Structure formats: C-alpha cells, structure tokens
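Hi everyone, thanks for coming.

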Amino acid sequence: MEKMHVKNPIMWLTYTVAFVISVSLAFNIDTTTPHISTMEQTDFSRSKLFQFMSGKNKGIHVTAPQQLNAPEDMCKSDLNQTHQCLIIPEMSLTDTTIPVKHLRLSIPEDSTDSQFTVCSSRVVHEYDENSYVNSVCYKLTENARKTVDLVFLFDGSASMSEDEFMKNKDFIVDIMTTFQNTSIKFAAVQFSSNYKKVFDFNDYQHGPALEKLRKEPQMKSLTYTHKALSFTLEHILEKPDAGASPDATKVLVLITDGDPSDTDRNGIIKRYKEKKIIRFVIGVRAAKLDKFTAIASEPTDKYAFQIEDYNGLKGILENFQNRISTMEGSWDMTSEMAQSGFSAVFYRENLILGSVGSNSWRGSLQELHEQNKTQTDQRSQNDYMGYSVSVGEMNKAPLYFTGAPRFNHTGQVVLFVHNGEYWITAQTLTGHQIGSYFGAELCSVDINSDNNTDFLLVGAPLFYQPQEKREGQIYVYTMTDEMQLKNELSVTVPSMGRFGTTIASLADLNGDGLRDIAVGAPMEDDNRGAVYIYLGDKHQGIRSTFSQRIMGQKIKSGLRFFGRVIDGDIDLGEDGLPRILIGSQETAVVLRSRPVFNVFPQLYFQPEEISTEKIDCLSNTDESVPMVTLIVCFEMVETTKSKAGTVNPELNISYTLEVDPMRQTYRGFFSPTDREARNLTSTHELKDKETFFNFTIYMAKCVEDTLSPISVRLNFFQVDSESASAVLNMDSQWQAAAEVPFKK
C-alpha cells in the first residue's frame, strides 16, 4: 500500500500490550550462510579455537592438539581474504628430539587479541632409561613466534687465561645449542683494544658459526667496551648484509672481566636504549657491576649478573636461558607429571595454568609472569583441580576460579583471591551428584561490560536426570559485593548431549547492552552436537530459556561433536555485528549474527470520533456505510549496532487486525459487502523507518450500541525469520490495541 502521512493524528486510548510468545528455535544467529573451515584427518576432541583481531586483520585460529603422523599445524581462516584454512608456519621446539604431545591443548589469548599462548601438558623426555613428562608453553604473535637477533660481545683481553677464554666460548656454545631450531639467530664479536666479528647471523643460519667460534684466537689486549658496542650495533645488529632482521627483537649479551678502558664519548648506550635493544651484562671476577649498570637494561637485577670466575658461567646458564625464552615467547615447566597447561587463561600479563596432575593429582594453579611462577594448591588427592580455569575482576582486584571435577566424586569449584601477599581460598562450591563432573567448565561473565565480574557459570556435563532423559546442567552464580558466589539458577535442556561441556561468554547479540551466553552439547543428536544461545539477564545472568538452538546437522551434514569449542567476542566481518565460532570434529564454523529490530505498532483513527448522523435503525436496510478510517503505523528501530550502510533493514511481517474482538455481535467490519469480515490478515515487507497502512472500517446502517467504543486489536509476527537478513526482536511489542468512541 502507499505510504500515508497523517496530519496531527490522534490516537484514542491507544495502548500497547507485551505479547507473550513461545521462544523461537531461530533467533538472530544466521545458520543459512555459515563459513566453514575444515582440516582433514584431525582429532578435534580436545581442540581449541578463537577469533583474533590485530590491526585490520581478522580471522580465526584453530588448534589440532591430537593430530597424528603430521605436523601439529594450526588452521587460520582469514575472513577478509578467503574462507580457506591457512596454515601458520610450523613452530620449532627447543629440542627437536623431545616428543611433544598435544601441543596447543590449551590456547589462551591475551587482552590485546593480537598474541596468544599455546601449551602442551605432555612433553616427554628420556633420562637414565626413564621417561619423564613435563609441560611447555609458547607465546605467539599473529606472525607466530618472535624472531630474536642475539649478539654475544665477549671479552678477549689479556686479563684472562686461555682456559678462561675457552670457558667463554663454551658458554656461548651452550646457549646456541639450547636454542637451536628456534626463532633465535646468533652472532658473536670478540673485543679487546679492537674488535672482530667472529660470525654473523648468516654464518649461524648457514652452518659455519660454531667452527669459526672454535678457531677464534684470543686478542689479549685492553678492554675498549664502548668502541666494541658501536661496531656491534652498526655492523651486526642493524646490518641486513650480516643477516639482521629489521623487525626482530634485538638482544646484546656482554661478557667481560674488566672495567671499560674507554668512555662513552659518542653516546652509544643512549642509542641502544632509544632503539630498545635488550642488553645483558655478565661481569666476571674483577669487573665491578656498578660500572655496567648504564649498559644493562632495567631493572638491572634481571639483566646484570656478577660471577666470581668463568666457572660461574655454568651456574647462571639456566637463569639466562629462561630470560631468553621470555623474549622468544616460551615457558618451560619442569614439574613431572603435573600436566601444566591442561587449561590456561590470561589475566592481564599473567598466564594462569591449570596443572591437574600436580601433587598426586590433587591439581593446582600456576601463575606465570615473565619467568616468575606462583603455585596455588588444594588439599585432597585426585581432585583434578585445574581441569578448568577462568578469571574475573572486582573493583580492580583479580579473581581466579578453577574447577576440580573429581573432588569427593561430586566436583568442586574454588575461588581464589589475593590478600596482598599470596593467593588464598575465598570460597568453594561443591556439586551435588556423584559423577556429574561439576566444575569441568567455567565461564566468568561481565554482563554489562563495566570491568567487574557479575556472574560465574559452572558446567556439570555429566549431570544425569534419568526420568527426564537429560544429561548435563549449568549453574549460574552471582558475584556479590562481598566477593562471594551466590547460586541464582540451574539450567538444563531436554536432551542427552552433555549439555554444559562448553560455556562461552558472547558479545551482545540482541542489542540490549548485556553479554549473552552460548552453551555446547556436543553429544546431542547422536553425537552430531548442538549449541544453545541464552540471552543475558542483569539479575540472574541468563534467561532461563534458550533463545536459539543451533543443530550441527543443519549446519553441515556429517558434522560430529558440534559445540565442543565455542568463541564469540568480536566482529569478524565488516558490519559491526559479532560472529560466533564453533568447533566440531575436523571442522570450524563461523556463524554471523543478524541485525535485530524493534517494531513499534501504533493505531490511529480518522475521524477521532464516529459520527452517529448516518445511523438509521428505522429504515430497516442492509446497507453498510463507512464508519472510520484506521491508520496502522509500524516504526522500525534497530537495537543492535551495525555499521551504517552495511545492512538492509527488511522485515517480512504478517499482521492481523480484528474489530471488536471481545464482542459476539458485529459492529464493524473490513468489507462493505461482508459483515462477517471483522478480521483482516496481510503480509508486508517493512523497509523504511516508518510504514503506514490505511483501512476503512464499515458499519451497518443500524448500530444499537453506541455507548461503548469500537475496539481494534493488532497482532503481528515475522515471517521466515530463519532466512531473513534482519530479525524482529523477540522482546519487541507484538500486539497493539486502540479504541474509538461514538460521537455524543
């Protein structure tokens, strides 16, 4: 119909009524146009995946921790260029003879979303005919591991013996051997009264470096340190011909046993600082460390070492290796069988690892910052504490949550807070059903994004209700102002699918300003899997009924364990709306959210009162006359925050109008020839902010009741919402009513 504008329309006693509707199985997650990335012959049963955003680049990272007989590659789907899987360059390990099992079993991203850490809880190494299992984590940027250009500037003056000079070389060889097959490149310069390049980065990469170092003779003269520093900077660290990488982290290691014989007249130390070159100083014997504080990076206690003689180089080897590992982006955990990294998460710059196997499988949390490690333990055995881990914050104070699903066979969740000196247990939550695996999954939620944790969701995927044939349950706890968790509600679904195996906090999907939640049930529908979407609620965390159920089989035939991994916090497209990333066996699926609109209906009448002049009950005629013109207005308002011009607001709605719906006698109808046409149903596609429709309501020539007003009721709903480009808000007003009186 033609759009109509009405001058000074008056709505008589117009009111709107909230229309209670049944929850739709398809709200605003689009399941018709998924982006699917597949890795063949890969076990995704313990895979991890997440979205990333670095500058203008957006995409997904997918891990394959149990991939066998092939490199443990990661699948990256760059949604700006292609939806195919791109393989990130293979990561080399510190020792290629050590078999690493389940690398990338856990993969926490930091707060910048531009770098992340991958962990293996099973690094097997042999010693004295025994096998030992440790753990390792690697910090990666978007371009995988950092490249490090490291130069040894070592003293060859006459103050040391030939044996000491050889120990200098041995120390350099030990460091290079430790970090072979990594992203670190090495070079070496000997200095005394003069300086000499021993080998550069090209020599190290192409093989002759160790041979050149072995043959290098001692210079045996004075100690011109600053002169050698200038040469190293200009001819090694910043010279591409020497194999230096312009985007690498630059590191200098100065080893000397005497104070500098020259001064810093050319400001070489300032240049090192300005270029942010990391500087280690190892002072031996008579070398006074305070003479080198200006050379070493700050804090000097981390970058300057003092030893009595060259035998002490062996003593600082492990500490020095740890410092270099930090720059390259790796942590090496040596607790045997601890399974550190089984779960992992970042809190600011601290990496928190779950160590389910430590302390006779009691489990623990390990907090790592650079190379400092703090361990938090519990009491009883075989708890598996650290099986899951989540972090939160209350008034800028950190909160650590961890699950111990085997505690007392019913499971437990532990809340740790920091008292200023160490981590203490603030509260424990205990499961109620044996074998439910309460605490196997945790998700902290900042519902209104104010940087304070509001809720903790706890999964018990093996919770069993035999009468209802239900498997899996999640518990929602409120975080009180006293930093205590209070149970709000428990949620389950009518299926046998290990509901609660995965719980993910999502960006705001429906535009109400609250974060939403996704819950995975990967074994539902005969192991095909399903994901349930719950809208956020500021009082109880989530609504008690799901807003959408996404079946893996409907996304792609043959999917298995859909919902095993979920992430959804950023916009991977260009429309400003969040995406949800869902993992299944061998497949990662990206689903977009669609814009959500409120539709506000209004009913107007012209004229404002029904004239009684045409009413004639004496003539005894069947004639119908126009009673009033009904004007229906639909106003569309987007609740989500899509970018301008990226979406086309089109809502296909079906609406029904009914005259005098509560009366048995007919006083008004929509057809001049059919007095029973008191209902009118139509379908229309709303495209504009406001859409108007005009309808003539007719009445019989004789109307006996003119004391009570004529009432009109409107009901409407969206047609084909599953395939639509935009979605009607399930909280929208879906009904309106208005009355028009007879003129007195």
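Predicted model: local features only at pLDDT ≥ 70, side-chain atom pairs only at ≥ 80, totals over all residues.

Let's start with a pair of strands: β21 and strand β22 (residues 397-404) are joined by 7 bridges and run antiparallel. Strands here are DSSP runs of E, at least two residues, numbered from the N terminus, as helices are (H or I, at least four residues). Two strands count as paired if DSSP finds at least two bridges between them.

Residues are numbered from 1 along each chain as its sequence is written, and side-chain values use heavy atoms, leaving out hydrogens and water.

Now, is β21 buried or exposed? 7 of its 7 residues are buried, so β21 is largely enclosed by the rest of the structure. Buried means under 20% relative accessible area, exposed over 50%, and partly exposed in between (1.4 Å probe, protein chains only). S388, S390, G392 and M394 point one way from β21, while V389, V391 and E393 point the other way.

Zooming out, 4 strands make an open antiparallel sheet, in the order β21-β22-β23-β24. β21 (388-394) and β24 (423-430) are the edge strands, each pairing on one side only. Strand β23 (residues 412-418) connects to β24 through 7 bridges, and L415 has Q427 as its bridge partner in β24.

Finally, confidence: pLDDT is the predictor's confidence in each residue, from 0 to 100. The protein chain has a mean pLDDT of 80, with 74% of its residues at 70 or more.
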